[in-house]
Amino acid sequence: MKRIFPAIILAAALIFLVAALGLDLMSVIFILLALVAHLSYTIYLSRKELREFRENLEDKEASEIKVALQSYSYTGELNEICKIIEAIIDSKNTMGQKYNASIENQNLMITNISHDFRTPLTSIMGYIDVYERTRDEKYLEIIKKKAEELKELIDGFYDFSRLVSKSYKIDKRVFNLDDFIKEEIVNYYDYYIAKGQMIDVELDRVRCFQDEKNLKIVVDNLISNMMKYSEGADKIELKLKDGYFELKFSNLAQIETDDSIDRVFERNYTIDKSKNDASSGLGLNIVENLCELMGLNVSVEYKDDVFTITITGKALNK
C-alpha cells in the first residue's frame with residue numbers, strides 16, 4: 001500500500017498539471033496510460049513480495065522461518081512484520097530453553113531424592129538385621145542416628161516443596177535476636193560436647209522485627225551445614241552497626257576452587273561430595289530463598305581457609 005498511495009498522489013498532481021497547461025486529449029490519455037502502467041507494476045511487485053513472504057512461512061520450523069525471512073530484503077510494513085515475527089521466534093526459543101532446563105532440574109531432583117532416601121534407608125535396614133542377630137544395643141544407637149538423618153532429609157524436602165509452591169507465610173514480630181541465637185545453639189550442645197570442642201559465640205545485643213519461625217529454619221540449616229562440613233574453629237558472630245546487624249557463621253574448610261564458592265546456594269549442590277551421604281544439597285538453597293522472602297541479604301566468603309556465610313538485616317536498635 002505504501003507504493004500505491006504515492007502513485008495516486010502523483011496521478012492527481014499530473015492531472016492538475018495537464019489541466020493547467022491546457023494539453024490536448026492524446027497527451028492526457030498517454031499520461032494516464034503511463035500512470036496505469038506504473039500502478040499495475042507497483043501492484044505486481046507488492047503481490048510478488050506478499051507471495052514470497054507467504055512461501056517463506058509455509059511448512060517451516062521456527063528456526064527455518066527466521067533464516068528465510070533474514071535472507072530476503074522486504075520493504076515497508078512487511079519489513080516491520082518480519083521484525084515482529086523474528087522477535088516472537090526468539091521469545092519462543094528462550095521459553096523453550098527455560099522449559100527444557102526446568103524439566104532437566106526436575107528430573108535431577110527426582111534422581112537425587114531417590115538416592116538421598118535410599119542411602120539412609122538401606123543403612124537402617126542393614127543395622128536392624130545386624131541387631132536382630134546380635135541383640136547388641138550399640139546398633140540401636142546407630143539406627144537412631146540414621147533415622148535422625150532421614151528425618152533431616154524429609155524436613156529439608158518439605159521446606160523446599162513449600163518454597164517451590166509459594167506457600168511460605170512471613171509472620172514478623174519483635175524479638176531479641178541474640179537471645180534467639182543462644183536458644184538455637186543450646187540445641188546443638190550435646191553434639192559439640194561429643195565432638196570434644198565448643199562453638200565460639202560472640203553476640204551483640206540486637207533487637208529486630210523478623211519472622212522467628214522461618215529464621216529458625218535458616219539458622220538450623222546453617223549450623224547443620226557447619227556440623228557436616230567444618231574442619232574446626234566453628235564460630236557464630238552477631239554484630240550491630242549503624243542500625244543493621246550482621247550474623248556470621250564461619251568454620252575452617254578446604255575448598256579447591258572459587259567455582260565451588262559461587263555455587264553454594266545452587267539447588268542440589270554440595271561442595272564436598274565425600275560428605276554428602278545424607279545431604280540433599282537443598283539446605284543453603286533454602287537459606288537463600290527464605291532470606292529473600294524475609295528481606296534479608298545473604299552472602300558467602302572463603303578466605304584463608306575460613307568459610308563464612310553472612311546474613312545482614314535491619315535492626316531496631318543502634
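**Figure 1. The largest nonpolar core of the predicted model.** In this predicted model, the largest nonpolar core holds 38 residues. Leu-177, Ile-236, Phe-245 and Leu-247 are the members with the most contacts inside this core. At least two core residues come from each of α6 (177-186), α8 (212-229), β4 (235-241), β5 (244-252), α10 (283-293) and β7. Helix α8 gives the largest share, seven residues. Leaving out residues up to four places away in sequence, Leu-247 touches Ile-181, Val-219, Ile-236, Glu-237, Leu-238, Ile-309, Thr-310 and Ile-311. Across the protein, 34% of the 318 residues count as buried.

Figure 2. Apart from neighbours within four places in sequence, Leu-222 is in contact with Phe-249, Leu-284, Val-287, Ile-309 and Ile-311. Val-287 is 65 residues from Leu-222 along the chain, yet the C-alpha atoms of the two are separated by 7.8 Å. Asn-225 counts as buried because its relative accessibility, 15%, falls under the 20% cut-off. Asn-225 touches Ser-230, Leu-284 and Phe-307, again not counting residues up to four places away.

Figure 3. Asn-251 is part of strand β5. With 4% relative accessibility, Asn-251 counts as buried. In the protein as a whole, 68% of the contacts with a separation of 6 or more join residues 24 or more positions apart.

**Figure 4. The two sides of helix α6.** The buried residues in α6 are Leu-177, Asp-178, Phe-180, Ile-181, Glu-184 and Ile-185. Seen down the helix axis, these buried residues fall within an arc of 155°, so they line one face of α6. The face turned away from the buried side carries the exposed residues Glu-183 and Val-186.

Figure 5. Glu-212 and Arg-173 form a salt bridge, in which the closest N and O atoms are 2.1 Å apart. Because Glu-212 lies in helix α8 and Arg-173 in strand β1 (residues 173-176), the pair ties together parts that are 39 residues apart in sequence. Glu-212 is partly exposed, at 22% relative accessible area. Arg-173 is also partly exposed, at 41%. The structure holds ten salt bridges.

Figure 6. A salt bridge joins the side chains of Glu-202 and Lys-239, with an N to O distance of 3.4 Å. Glu-202 sits in strand β2 (residues 200-203) and Lys-239 in strand β4, 37 residues apart, so that this pair links distant parts of the chain. Both are partly exposed, with relative accessible areas of 30% for Glu-202 and 34% for Lys-239. The side chains of Glu-237 and Lys-235 meet in a salt bridge at 3.8 Å. Glu-237 is buried, at 17% relative accessible area. Through salt bridges that share partners, Glu-202, Lys-235, Glu-237 and Lys-239 belong to one network.

**Figure 7. A nonpolar patch on the surface.** Val-174, Phe-209 and Leu-316 form this patch, and together they have about 270 Å² of accessible area. Leu-316 lies in the segment after β7 (306-314). The accessible surface of the protein is about 20200 Å², with 56% belonging to carbon and sulfur atoms.

How values were computed
Residues numbered from 1 in each chain as written. Predicted model: local features only at pLDDT ≥ 70, side-chain atom pairs only at ≥ 80, totals over all residues. Heavy atoms only, no water. Patch = residues over 30% accessible without salt bridge, like charges linked within 9 Å, V, L, I, M, F, W, Y side chains within 5 Å. Areas by Shrake-Rupley, 256 points an atom, 1.4 Å probe, with all protein chains shown as cover. Salt bridge = Lys/Arg side-chain N within 4 Å of Asp/Glu carboxyl O. Helix = DSSP H or I, 4+ residues; strand = E, 2+ residues; numbered from the N terminus. Buried < 20%, exposed > 50% of the residue type's maximum accessible area, 1.4 Å probe, protein only. Contact = heavy atoms within 4.5 Å. Core = buried A, V, L, I, M, F, W, Y, C linked by side-chain atoms within 4.5 Å. Arc of directions from axis to C-beta.
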